[in-house]
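Biologist: I am new to this structure. Please show it to me, and then I will ask about it.

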Amino acid sequence: MSHCLGKIDRLVFGLLLCLVSLQLYSQTSTSAIPLQQVLSSLETKFEVRFSYSNQTVEAFNIVPPLGDLTLEESLKDLSSKTQLEFKTIANRYIAIYTAINAGNLSICGTIINTQSGAPVDGATIRGESAVVSTNEAGFFQLDGISRNEQIAITYLGFDVKTMNGEELNIENSCPFVFVDLTLNFLDTVVLENFMAKGISRKAEGSIAIAQEDLEIQPNLIEPDILQIVQILPGIESIDETASNINIRGGKNDEVLLLWNDIRMYQSSHFFGLVSALNPNLTQNVTVYKNGTHARYGESASGVISMASEEKVPDEVSGGAGVNFISANLYARIPASEEIAFNVSGRTSINSGVGNPVYDQFFNRIFQNTLVTNINNNSSQGLRSANEDFRFYDISLKGIWDFSEKDKLTYSFLTIDNSLDFTELFVSQSNSSSNQSMLKQSSTINGAQWTRNWNPKFSTRINWHGSNYKLDESNREVNTDETTAQVNEVAETEFKVESSYKFTTHLHLEAGYSYTDTEIIDKGEGIVTTDNNLVRNALFLQTKWKVAKTNTIVSAGSRYTFYPSLEQQFLEPRIHLWQKISKRFSATFSGELKHQGVQQFTDVDNPFLGVENKRWILSNSNDLPILESEQWELGIAYKDANWALSTSVYRKLVDQISASTQGFRNQLIDASFLGSYESMGVEVSVNRKARNLNLWLSYSFLNSDYNFPEIIPNAFPNSFAVTHSVNFAATYQYNSFLFSLGSTFRSGNPFTRLIPGNEFEDVNNMPVLNYESPNSGTLDPYFRNDFSAAYEFRIDDTFRGKINLALLNLFDRKNALETYFQLNTDENEVTTVTRIEQFSLGFTPNISFQLIF
């Protein structure tokens, strides 16, 4: 027994001896390890956080400080080994920076909010050759800066301070830089970076997207705004496009799209897959889902307002880029201290030869159309086809500060998509060559004069013109029948607005607008119409921060009169934000809105079958003005690392016509009037660490139509997605940025046929026999995407940026739409064909940008 105990004692003593030896070794080890690893150990040991740029510390491998040293002694030891400077900038935060070199400055600083005294997290510090963001301690560092280099500090897309390198050249110190973020409380951000970086909620009810602050997104080769808004809960595209945006169960035409305050009737290239707006010249985006500002009309479901740069730059800047779909260039050119021009252009790259991205896009958008189904024809003979597809866009903005109080701007944008399709048919008896054409184009332009009469009072006068044209012609091979159709929109708007600040806490806006919209719709098989709709509108909006409380009220009303219809609408809107505690806040939103311009979906389009939507005007008979009402309650939480928000809402849209909903079932020819009601829950979560940003959004939507003259009168909304989840992780390593994301949502609704009785004879004609409308749902949609970006300096003038995007990593075949057709062969045998529309397959894309 004693012998066994002796063995145990020796074993325990041996283990203790090993542990002591390891501890002594760890304290006296002469092995060098990466400085980042040493800093991580010190953070855990002393409960502090180090603020630094990766470039500052990644080159160092050092022997760790002795384990019995204090924090101050450890920092002195690190400084002696690396020649780096360590400065405590808050109780727990320590900044690390490079000692200043007179010939090549390495500057640093801490951004402090003058009102609260707190560090500013997420501010963008932009030099001429580098861009960084402040961390949660407000710290930043820029290397390779010259003494006279301009350093711009922006926050959520707004310029808050400009300095030069010399001002931050303080020997062996990182100075505090104080900025005023409350120049206008109306821009108060209540949930910063609540999704991805650069996306924030404002106290007056909108969601703000600052383009230059945006991080890379997992499904994008470039920051396409109309794709980025779809990561917000409640905003979807049921057909996976940039143009067909659905907000809380609404059709895409219920969303008002504005560019520099001008309405857009066309917003995409490649018939929906690519946004028509050059992302390099879009500075800020404002999104409303509820509580919409009273200056906006014509939007039953929401508003997306995109604005380009309004300031005269100090020097020329710009860039050029190319990817597998398009090539683009842009430039900001100051002609003088008062005048500047912003120009951009983009054109398609569609050689098709060895271009997998173009092939994937082409097959996706033209599937189940004449372009890709030429061999599915019963006539005997040989068919071949040749297609020529191209697109381009050109934009120009002129800025003239012709006095200290006056600014004049002019905006111009033209968009063009063209498809020429030539088909050759050869048989034993004859041959023919025919051509079909589709051209979709827009031209918008507008001028704006802004005057600041004094610090309290300002006015703005706008004139805008927006023109859209869809021109289609199609020549059938077998019958030699030629058909054509034109849908044309011409809109003119004149608007006067004024703004008055009674106090720093009370702001009043008022305005008047005159809008005249003319729509021409003509062609074979339809009734030619040439109508115009005039509306006069007045609006009043107030924003009030209740004194000595944490309450901000944004409330207004819009009055619109239609002379030709003899109808008028009074629409109150409100958004209430209430701070509950340091980290919690609550909101309430409500609004009434209407819409007089709608889209009709012609599912039996006799043309190429690519673009089947036509703009139409409301009338006092079979297509009344849409009317919507909505309310919403929300709560949000925010701390240094987490941002969470959730809301519940109810929305009702009345006076919708079945003819505008694009039904491919028993209601294909119906024109009954009805409504739809949406009720839902939306949740967003964001978690950020030093180099890692995680976000998740979830939405639940229950939305049903109600058509009193249809049996059953209630059935699921065609544009409703019951469950939708978006998740993404973004990680930065030195000059590399990686993003991985997943999208999951419920399948889209469709209408089943009755099993075993798919069609029946009605008056000796076969007719499909459907179940209740939208009685089925497609399989769930699931997609994984990955993207990466690398930015590097070429010389003192040029920088390069390489982006990689891998869409639908696992090549999942997601069904977007299903419908049925009857086919009768030469033996008069009738069969049913199920037609399915699928999403993009695996699509790799890469881009290169040269920036100066």
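Modeller: Here are some questions and answers about this predicted model.

Biologist: How many strands does the chain have?

Modeller: The chain has 852 residues. Helices and strands both occur in it. The helices number six, and the strands number 54.

Biologist: How many contacts beyond four places in sequence does the model have for residues 182-186?

Modeller: This is another stretch where pLDDT stays under 50. Where pLDDT is low, the coordinates should not be read in detail. For residues 1-29 the model has four such contacts. For residues 182-186 the number is twelve.

Biologist: Which cysteine is joined to cysteine 108 by a disulfide?

Modeller: A search of the whole structure finds one disulfide. Cysteine 108 lies in strand E6, and its partner sits in the loop between strands E11 and E12, 66 residues apart. The S to S distance is 1.8 Å, and the partner is cysteine 174.

Biologist: Is the disulfide left-handed or right-handed?

Modeller: Look at the torsion about the S-S bond. It is about -90 degrees, so the disulfide is left-handed.

Biologist: Is cysteine 174 buried or exposed?

Modeller: Buried means under 20% relative accessible area. Cysteine 108 has 2%, so cysteine 108 is buried. Cysteine 174 has 1%, so cysteine 174 also counts as buried.

Key. Residues are numbered from 1 along each chain as its sequence is written. This is a predicted model: local features need pLDDT of at least 70, side-chain atom pairs count only at pLDDT 80 or more; totals for chains, interfaces and linings use all residues. Side-chain values use heavy atoms; hydrogens and water are left out. Helices (H or I, at least four residues) and strands (E, at least two) are DSSP runs, numbered from the N terminus. Buried means under 20% relative accessible area, exposed over 50%, partly exposed in between (1.4 Å probe, protein chains only). pLDDT is the predictor's confidence in each residue, from 0 to 100. Contact means heavy atoms within 4.5 Å. A disulfide is a pair of cysteine sulfur atoms within 2.5 Å.
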